[in-house]
Amino acid sequence: MDRFADQVHFNDCKISHGDADKELKQHTKHLDKLQDKISENIGTYYAGTDASLPLSGQYQVIAASILFSGRVEHWRARHVAGKVTVPDAELYAICSAIVNVTSHDDCTDIFIFMDSMASAHRAVDPSIHSRQGHSVAVCEALQTWFTRKDGQSITFVYIPLRLQWDLHYKAHGYATKLKVALGPRPATSFDSLHMQAALSCGASWNILFQDPKYRGRNFLHLKTVDRAVAQPGGKDNLWVHFANMSSPQLYARMYETHTAALLLAEEVASLPPFIYMGGDFNIHSQEWDGGCHGHPGVATQLFNTAAELGLQRAPFVNLGPTFYPCIQGFCSTVIDLVFVQSDQTLMAQVTQVHNAMGKSDHIPLATTLLISADSGATSHRALKADREEQIHFVRVIEEEFAIKVDEYAPLDTPDQIDAVAQAIADLFSAAWETCSREVTIMRRSKPLSIWVMLHILHVRYYSTKALSTIKMMKMLGSSTRVMFGFCLWYFAAACCKGALHHLSVMQRSAALWITGSFHTSLTGGVEDLVGLPPINLLLRCLSERADYWFATLTLTHPVRAFLSRFNCGTIALHPSLSIQTMSKQEIFCTSGTLFESDTNVLALTETLLLTNPLS
């Protein structure tokens with residue numbers, strides 16, 4: 001397909017987070033005009049494709065295609081794809097439409113309307129992937145069609161399903177009307193088996209996470225509306241979903257954080273003298289909240305940091321909670337604090353302004369300070385207090401960031417990741433030096449200058465943390481190298497405790513670096529925060545995938561000669577090294593990946609379809 005790259009086009013629909021409804025309406029008008037235009041062209045064929053995945057899990061996935069030309073329907077078809085992923089079925093539908101439309105002699109241009117641009121790109125990519133057979137069939141049909149006549153082209157147009165646009169929505173309705181039960185041995189794809197192995201690993205991880213000895217005891221036990229303990233969920237196990245909630249759904253983080261207090265403690269030596277410090281510190285203590293019992297270590301650390309800065313906590317004029325959680329069942333509390341200089345503790349008037357709360361769950365705090373005219377000047381680089389200057393700084397970063405990422409793409413190796421991480425760091429540094437200016441902050445300066453300094457420290461802290469995260473990808477990426485050939489040492493009855501320990505130590509170091517946690521933190525907790533499953537569960541998942549690879553081997557693959565007669569295919573068994581030639585006693589005393597896979601492949605209930613002969 002490389003020879004015909006200029007004849008394959010992709011029309012994507014990018015919806016921003018601004019006014020999405022307005023952009024969808026504009027996109028609908030664009031699609032209507034496009035349909036009117038192509039329906040008037042003789043020789044232009046256009047098709048709507050879609051796939052249906054029943055949520056019950058009891059039915060097979062359906063792929064559907066409907067072909068038009070000049071607003072006249074020429075052909076439609078539905079295919080039972082089996083127990084596969086939605087992208088696999090989308091690719092199946094695209095393949096069906098393209099193979100059919102290229103068979104028309106009068107076809108000069110093709111338009112495919114679908115809701116999966118990833119499947120469209122995969123359709124013209126014949127490299128190795130889960131449904132390579134469909135891609136090879138598409139490439140073969142298009143190659144024959146392109147060479148038949150000059151000037152022909154195919155365009156893939158993305159249609160968001162929520163748009164419910166005419167042509168694509170007809171294919172969607174056509175696919176959803178057909179229901180086919182799974183049956184005893186449904187067809188499947190390799191991606192589907194991978195997903196099953198990943199879900200099994202995730203379920204085991206959730207069960208393991210319920211053990212306090214594994215996760216630690218510093219996680220907040222959130223409750224759903226029915227008072228049950230909320231379970232980790234989502235893509236990376238980082239968020240908790242509260243079921244039975246009306247839209248918009250509520251999500252909450254699985255752990256408590258004291259970022260502000262920890263950041264101040266780390267940077268206290270480099271901070272200038274403060275006259276004021278306040279905000280949401282997210283720390284509960286009986287020192288400022290009578291309904292709380294105990295005084296945690298992080299509260300003591302906050303007091304020590306404030307003392308080093310020459311500050312003390314200022315009392316409230318009107319007592320009461322400062323935080324009212326929106327989740328039913330959670331108590332209101334005091335977590336917003338104000339610190340002032342020691343000589344102003346009695347004069348500072350910290351008042352809770354309830355009538356300015358609005359829709360926020362925090363009550364604003366107003367503080368009256370006596371700012372002296374003495375100087376304690378310190379020099380820093382800062383942006384001008386001008387919105388245009390700040391917008392210019394952000395735009396410089398955005399433009400250069402996109403160029404840097406495209407320049408180093410794709411990020412396939414640890415060295416490439418390290419290079420782009422360094423480039424991003426240099427980009428931030430250069431943009432800051434270009435857009436900022438040297439300023440002198442004095443004790444008589446406006447309070448805003450103090451907050452500018454805090455924001456600078458905040459940006460420095462998190463940009464460094466983000467850079468460390470990217471650099472940690474090099475360490476985590478090397479785990480693929482470390483576990484290369486794991487099948488040779490990880491199998492049932494294998495003595496691999498030492499190897500697992502070394503891998504766990506490596507992953508723990510990476511997780512601690514990414515999260516910035518203390519070295520005394522339990523491994524389970526920090527692994528969950530960064531979305532890294534335990535090494536033993538990850539290896540079990542990879543082992544299941546390796547078993548599925550045996551099922552994809554061709555019937556004449558040389559490896560089948562070493563398996564039993566049930567899995568040897570059409571190739572002759574090895575006369576002395578085949579499992580079939582071993583006695584029951586020898587099989588019982590021998591263990592290894594070959595024996596394990598030979599047994600597990602027999603337990604595979606799905607049928608892997610053969611790929612296209614050309615692949």
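**Helix pairs in a predicted model**

Visitor: Is the crossing of helix 6 and helix 15 left-handed or right-handed?
Guide: Call a crossing left-handed if the near helix is turned anticlockwise from the far one by less than a right angle, right-handed if clockwise. For helix 6 and helix 15, the crossing is right-handed.

Visitor: What should I know about the model and its numbering?
Guide: It's a predicted model, so local features need pLDDT of at least 70 and side-chain atom pairs pLDDT 80 or more, while totals for chains, interfaces and linings use all residues. Side-chain values use heavy atoms, without hydrogens or water, and residues in each chain are numbered from 1.

Visitor: How do helix 6 and helix 15 run relative to each other?
Guide: Helix 6 covers residues 190-209, and helix 15 covers residues 535-552. Their axes (lines fitted to C-alpha atoms over the stretch in contact, with N-to-C angles from 0 to 180 degrees) come within 9 Å and cross at roughly 155°. Because of that angle, the pair is roughly antiparallel.

Visitor: Which residues of helix 15 make the contact with helix 6?
Guide: Contact here means heavy atoms within 4.5 Å. Helix 6 brings Phe190, Leu193, His194, Ala197, Ala198, Ser200, Cys201, Ser204 and Trp205. Facing them from helix 15 are Leu537, Leu538, Arg540, Cys541, Glu544, Arg545, Tyr548, Trp549 and Thr552.

Visitor: Which residues are buried in helix 15?
Guide: Buried means under 20% relative accessible area, exposed over 50%, partly exposed in between (1.4 Å probe, protein chains only). In helix 6, the buried set is Phe190, Ser192, Leu193, His194, Ala197, Cys201, Trp205 and Phe209. In helix 15, it's Ile535, Leu537, Leu539, Cys541, Ser543, Ala546, Asp547, Tyr548 and Phe550.

Visitor: What about helix 2 and helix 4: how do they run relative to each other?
Guide: Helix 2 (residues 86-101) and helix 4 (residues 132-148) have axes that come within 9 Å and cross at roughly 20°. The crossing is left-handed. Angles under 35 degrees count as roughly parallel, over 145 as roughly antiparallel, 65 to 115 as roughly perpendicular and the rest as oblique, so helix 2 and helix 4 are roughly parallel.

Visitor: Which residues in helix 4 does helix 2 meet?
Guide: From helix 2 come Leu91, Tyr92, Cys95, Ile98 and Val99. In helix 4 they meet His134, Ser135, Ala137, Val138, Ala141 and Leu142.

Visitor: Zooming out, what share of the chain is buried?
Guide: Of the contacts with a separation of 6 or more, 67% join residues 24 or more positions apart. The chain has 615 residues, and the buried share is 40%.

Terms used: Helix = DSSP H or I, 4+ residues; strand = E, 2+ residues; numbered from the N terminus. Expected span 1.5 Å × (residues − 1).
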